[in-house]
Amino acid sequence: MSLDSVRAFFAEKAPEIRIIELDTSTATVALAAQAHGVEPGQIAKTLAFRVGGREVLVVARGDARIDNRKMRAVFEGKAKMLDAETVLTLTGHPVGGVCPFGLATPLPVYCDQSLRIYDEVLPAAGATHSAVRIAPLRLAELVEGEWVDVCQLPEPANES
C-alpha cells in the first residue's frame with residue numbers, strides 16, 4: 001500500500017518522475033548509496049519527530065546528523081524521534097522506506113539546507129527497495145516543504 005500511495009502521488013503531481021524499484025534493500029543510507037551508485041550524502045533520508053505536541057518530517061542528506069540545538073531553535077522545543085510503529089501509522093511508510101510523498105496523514109515537511117549542494121538526491125519511495133531521483137528544489141516544491149537548517153554535516157576526511 002505504501003508504494004502504491006507514492007505511485008498515486010507522483011501520477012497526480014509529477015508524472016514525469018519515475019519510481020526506481022530494485023531487487024536489493026535500500027533501507028539504510030549505506031545500502032541505498034551503494035545500490036544507486038551515489039555518495040551517501042545524496043540519499044535524502046526522511047526523519048519523523050514530535051516537537052511540542054506536533055509531528056513533523058525532516059528530509060536531510062544521508063550523511064548529515066540532526067543538530068539538537070538547531071532543531072530546538074527552529075522548532076521552538078525539544079524534538080523527539082518517533083518510534084517505527086508511530087512512523088508507519090502517521091506516514092503509511094515503513095522505516096527504511098519513509099519519504100515525504102503519498103503520506104497517510106498530512107504532515108509538515110521541512111527540508112534541510114544541506115540537500116541544496118546536490119543537483120539530484122534520492123529519497124525513498126514508500127518501500128525499502130524503492131527511490132526516486134529528484135532535484136532538491138523540486139522535492140521541496142512537490143511536498144510544500146520549508147527550508148530549514150537543522151543538521152550537522154560530517155567532518156571532512158583528513159587527507160595526508
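Which residues does F101 touch, not counting residues up to four places away in sequence? In this predicted model, F101 touches V6, F9, F10, H93, P123, A124, V132, L139 and V143, where contact denotes heavy atoms within 4.5 Å. Local features need pLDDT of at least 70 and side-chain atom pairs count only at pLDDT 80 or more, whereas totals for chains, interfaces and linings use all residues. Residues are numbered from 1 along each chain as its sequence is written, and side-chain values use heavy atoms, with hydrogens and water left out.

F101, together with F10 and L139, touches the most other members of the largest nonpolar core, which has 28 residues. Such a core is a set of buried Ala, Val, Leu, Ile, Met, Phe, Trp, Tyr and Cys residues joined through side-chain atoms within 4.5 Å, buried meaning under 20% relative accessible area with a 1.4 Å probe and protein chains only. At least two residues each come from helix 1 (2–13), strand 2 (43–51), strand 3 (54–61), helix 4 (84–91), strand 6 (109–112) and helix 5 (136–142); helices (H or I, at least four residues) and strands (E, at least two) are DSSP runs numbered from the N terminus. Another core, of 13 residues, lies apart from it and includes F49, A64, Y110 and C151.

D112, located in strand 6, is buried without a salt bridge, that is, a side-chain nitrogen of Lys or Arg within 4 Å of a carboxyl oxygen of Asp or Glu. The nearest side chain of opposite charge, K70, is 6.5 Å away, with Lys and Arg counted as positive, Asp and Glu as negative, and His and the chain ends not counted. The side chain of D112 instead reaches the backbone nitrogen of V150 at 2.7 Å and that of C151 at 3.2 Å.

Methods:
Buried < 20%, exposed > 50% of the residue type's maximum accessible area, 1.4 Å probe, protein only. Polar contact = N/O pair within 3.5 Å; in protein donor to acceptor, adjacent residues only side chain to side chain.
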